[in-house]
Amino acid sequence: MSGYKRGKCLKNYLIKSQQPEEFWTDERCFIKELCNTDELSGGSLAVARVEAGVTTQLHSLIGLTETYIVIEGRGLMEVNAKQFNIEVGDQVVIPPGLSQRVTALGLSELRFYCLCVPRFRPESYISLE
C-alpha cells in the first residue's frame, strides 16, 4: 500500500479499508481504529465504546492532543480533575499530558470518536491508576 509519506506527494488517493474489528482495552472500553497508519502519521481516528455504568481508566496521553466527539449516549467527563457532562454532538479537547477518564451515564452505552493529533501510539498512553 503506497500513500502519503512524510514530505512527499500523495501517490494514491485511496488507502483500502482493512475492515478493523472492535477490541477490548485495559482502559475498560472497546476501541475500533478507523485510521491509524504510518501513511497518515499526522493523526488517527477511532471509535470508543464504553458500556453503561462503566468508568474508563484514569490516564494521560503524552505528546498528542485527543478530541472526543460524542456520537451516542451521555457521559461524565473528567479532565485534569474537572468534571462535566457530555452528550451527543459535544466535543472535548484534551491537551497532551492532562489526566482524563469518562463514565457512561444512564442505561445505554457511550460512543465517541477519538481524534488524536499526531496519531495515537501505544507508548503515548500512561495509566494513572
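Select Ala81 to begin: it sits in the loop between β6 and β7. This is a predicted model. Ala81 has a positive phi of about 70°, although it is not a glycine. For background, most residues other than glycine have a negative phi. Is Ala81 buried or exposed? The relative accessible area of Ala81 is 63%, and the cut-off for exposed is over 50%, so Ala81 is exposed.

Now select Asn80, which is also placed in the loop between β6 (74-79) and β7 (82-87). Its phi is near 55°, again a positive value in a residue other than glycine. Asn80 is partly exposed, because its relative accessible area is 44% and that class lies between 20% and 50%.

Next, go to Ser99, in the loop between β8 (91-94) and β9 (100-105). Show its neighbours. Leaving out residues up to four places away in sequence, Ser99 touches Leu58, His59, Ser60, Glu78, Val79, Asn80, Ala81 and Leu128. Ser99 has 14% relative accessibility and so counts as buried, the limit being under 20%.

Move on to Trp24, in strand β1 (residues 23-24). At 47% relative accessibility, Trp24 counts as partly exposed. Which residues does Trp24 touch, not counting those up to four places away in sequence? They are Cys29 and Phe30.

A pair of aromatic rings is described by the distance of the centres and the angle of the planes. The model has 2 aromatic pairs by the rule used. In the pair of Trp24 and Phe30, the ring centres are 5.0 Å apart and the planes stand at 65°, so the pair is edge-to-face; the angle has to be over 60 degrees for that name. Phe30 is buried, with a relative accessible area of 17%.

Arg49 and Trp24 are 25 residues apart along the chain, and their C-alpha atoms are separated by 9.4 Å.

Then select Val117 and Pro118 and look at the bond between them. It is a cis peptide bond, with omega about -10°. As a general rule, most peptide bonds are trans. Pro118 is placed in the loop between β10 and β11 (125-127).

The last stops are pockets. Rolling a probe the size of a water molecule over the atoms shows where empty space is left. For the largest pocket, select Thr25, Glu27, Ile31, Phe120 and Tyr125, which lie nearest its centre among the 23 lining residues. About 420 Å³ of space lies in this largest pocket. Strands β2 (30-35), β3 (44-50), β4 (59-61), β5 (65-72) and β10 (110-117) each supply at least two residues of its lining. Which strand gives the largest share? It is β3, with 4 residues. The lining of the largest pocket divides into 15 nonpolar, 4 polar and 4 charged residues.

For the second largest pocket, select Lys16, Gln18, Leu34, Cys35 and Thr37, the residues nearest its centre. This pocket holds about 240 Å³ of space and is lined by 12 residues. They divide into 6 nonpolar, 4 polar and 2 charged.

Definitions and conventions: Residues are numbered from 1 along each chain as its sequence is written. This is a predicted model: local features need pLDDT of at least 70, side-chain atom pairs count only at pLDDT 80 or more; totals for chains, interfaces and linings use all residues. Side-chain values use heavy atoms; hydrogens and water are left out. On a 1 Å grid over the protein atoms alone, a cavity is a set of points where a 1.4 Å probe fits but cannot get out, and a pocket is an open set with protein on both sides within 12 Å along at least five of seven lines; lining residues have an atom within 4 Å of a point. Grid points are joined across faces, edges and corners, and a volume is the space filled by probe spheres set on the points. Ala, Val, Leu, Ile, Met, Phe, Trp, Tyr, Cys and Pro count as nonpolar, Asp, Glu, Lys and Arg as charged, and the others, Gly among them, as polar. Buried means under 20% relative accessible area, exposed over 50%, partly exposed in between (1.4 Å probe, protein chains only). Contact means heavy atoms within 4.5 Å. Rings of Phe, Tyr and Trp (its six-membered ring) pair if their centres lie within 6.5 Å; planes under 30 degrees apart count as stacked, over 60 as edge-to-face and the rest as tilted.
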